[in-house]
Every structure is written in C-alpha cells, then in structure tokens.
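Notebook open, structure loaded. I want to go through the charged contacts, the strands and the rings, one entry at a time.

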Amino acid sequence: MVRRFRRLAAMVVSGIAAPLLALTLAEPAVAAPKTPPAGVDITGHGLGQPLRLRAESHPDHVVAVIEQVNHRGLVRQSGGPKKAELGPKYTVVVLAGDVPKQTYDLYPKAVGGPRVYRPAKQPDDKVTASWYLGRVSMSETLRTAGVPLERTYEAVTGGVGGGERIIPEEALNPAEDLNEAFGDLQRLLLLNVAVMLVITVGLAGIALLIRRRTR
C-alpha cells in the first residue's frame, strides 16, 4: 500500500515538473521586443530630396531635431504669425524605425523668432492643431543637420542642438559702440541745457511781468 502511494506521488510530481522544466528552458529563447530606432525625415525649401537621418548613422542630429519638435518643452501660442511673416517652411517627420509617428512644420526664419506648427492630422492619430514658439537654436540645428540655411547671429555653441545664443565677431565693434555712446550722451546733455535755458527764460519773463504789475 505504501509502495503504491509513493509510486503514485512520484508520477504526479514528475507530471507537474516536466511542463515547468520545459517552460523554464524555453523562456531564454523568447527575446524581448526591440524598440525601433528613431529617425527623422526633413523636407522643405532648398531641399531637392528628403533629408533622411537615422539614429544608427546620425544619432546626435536625430536627437537635436527631435528636441526642436518636442512640444512638451515649448511654449504654446493661441495663434500663429501671418503667412507672409513665416519665411521658409521645413516639415519634420519623426519615425520609429520606418514607421512615421509625428509630423511638424518648422519656420526657423519667422518674424519674431522661430515657430513650430503641429498639424491636426498626424500619421497615426488626430490631435488639436497648435502653434508653438520655437527654440532659438532651430536654424542652427537644421543647418548642421544638412538643411541649406545660412548661419546667422542665432547660431549656437555647445555642440549639436545647444541653446546658447552667440553674436558673430564681425558684429562686435567696441570703438564704434563707444563713439555712439558718447554721441548719445552729448545729445542728452545738449537737450538738458536747452531745457534749462527755456525754463530760465520763462522764469525771468514771469518775474519781469510780476515786477511790472506790482509797481
């Protein structure tokens, strides 16, 4: 009786252990799904064909361009500039692998500073159309990524996608600035002297008038 019970228990244990062992051995073979590498496609003014940047070959540029369209870090506007004030447009499509996920219109030369527009129709969703104030580094980020833009005083330092505004050396002229400051000071002093003369003459006239009436 005891032998039969032991034999039955052994069969039950082996029947439970076998599937567990098979499942344990099979687990390492199941690979975790890989996250598709990010990428951006840029089209727009001056680009004969789309500028395709992928994380494998241009990681710094991809990160910098995506940072330009990250609306969570941008200031939203109730409305955008007038069409005549927008300047050249560049459309940026953010991809996960080869699948488009988001699209934005960038205006690095807009009057009053760069602008970002998020269209309502997105590749895989529909959102509220929105305007945002762009980053001051937008023009330089696009330029270093391959967009044909001229370098301006809004160029940045600190690597790709940096945020510090610099002024070209040719725009700095200490002697001219000093002469202009002295000129402004001289004009201010002359204006003050003229005002004092007018006040003095006016007071003298009032005093003379009062003196004549009191005689």
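**Entry 1**

I started with aspartate 41, which is buried, with a relative accessible area of 12%. The model is predicted, so I read each value here as computed from that model. The cut-off for buried is under 20%, so aspartate 41 at 12% falls inside it.

What does aspartate 41 form a salt bridge with? One partner I found is arginine 54, with the closest N and O atoms 3.0 Å apart. Aspartate 41 sits in strand S1 and arginine 54 in strand S2, so this pair ties together parts that are 13 residues apart in sequence.

Arginine 52 also meets aspartate 41 in a salt bridge, at 3.0 Å from N to O. Here too the pair links distant parts of the chain: arginine 52 belongs to strand S2 (residues 51–54) and aspartate 41 to strand S1, 11 residues apart.

**Entry 1: another salt bridge**

Next I looked up aspartate 124, which forms a salt bridge with lysine 101. The closest N and O atoms are 3.8 Å apart. I placed aspartate 124 in the loop between strand S7 (121–122) and strand S8 (125–126), and lysine 101 in strand S5, with 23 residues separating the two.

My tally of salt bridges comes to six.

How many residues of strand S4 are buried? I get five of its seven, over residues 90–96, so I wrote S4 down as mostly covered.

I then checked which strands pair with S4. Strand S1 (residues 38–44) runs antiparallel to S4, joined by seven bridges. Within that pairing, glycine 44 stands opposite tyrosine 90.

Strand S5 (residues 99–107) also pairs with S4 in the antiparallel sense, over seven bridges. S4 and S5 form a hairpin with two residues between them. I looked at the turn and found glycine 97 there with a positive phi of about 70°.

**Entry 2: the rings**

How many aromatic pairs are there? I count two. One is tyrosine 107 with tryptophan 131, a tilted pair with 5.7 Å centre to centre and 35° between the planes. Tyrosine 107 is in strand S5 and tryptophan 131 in strand S9 (residues 130–133), 24 residues apart, and the pair links distant parts of the chain. Both tyrosine 107 and tryptophan 131 are buried.

Tyrosine 117 pairs with tryptophan 131 too: the ring centres are 4.8 Å apart and the planes lie at 40°, so I logged this pair as tilted. Tyrosine 117 is in strand S6 (residues 115–118) and tryptophan 131 in strand S9, 14 residues apart.

Why is tyrosine 117 partly exposed? Its relative accessibility is 21%, and buried means under 20%. Tryptophan 131, at 16%, counts as buried.

Definitions and conventions
Residues numbered from 1 in each chain as written. Predicted model: local features only at pLDDT ≥ 70, side-chain atom pairs only at ≥ 80, totals over all residues. Heavy atoms only, no water. Buried < 20%, exposed > 50% of the residue type's maximum accessible area, 1.4 Å probe, protein only. Helix = DSSP H or I, 4+ residues; strand = E, 2+ residues; numbered from the N terminus. Pairing = 2+ DSSP bridges. Salt bridge = Lys/Arg side-chain N within 4 Å of Asp/Glu carboxyl O. Phe/Tyr/Trp six-rings, centres within 6.5 Å; stacked < 30°, edge-to-face > 60°.
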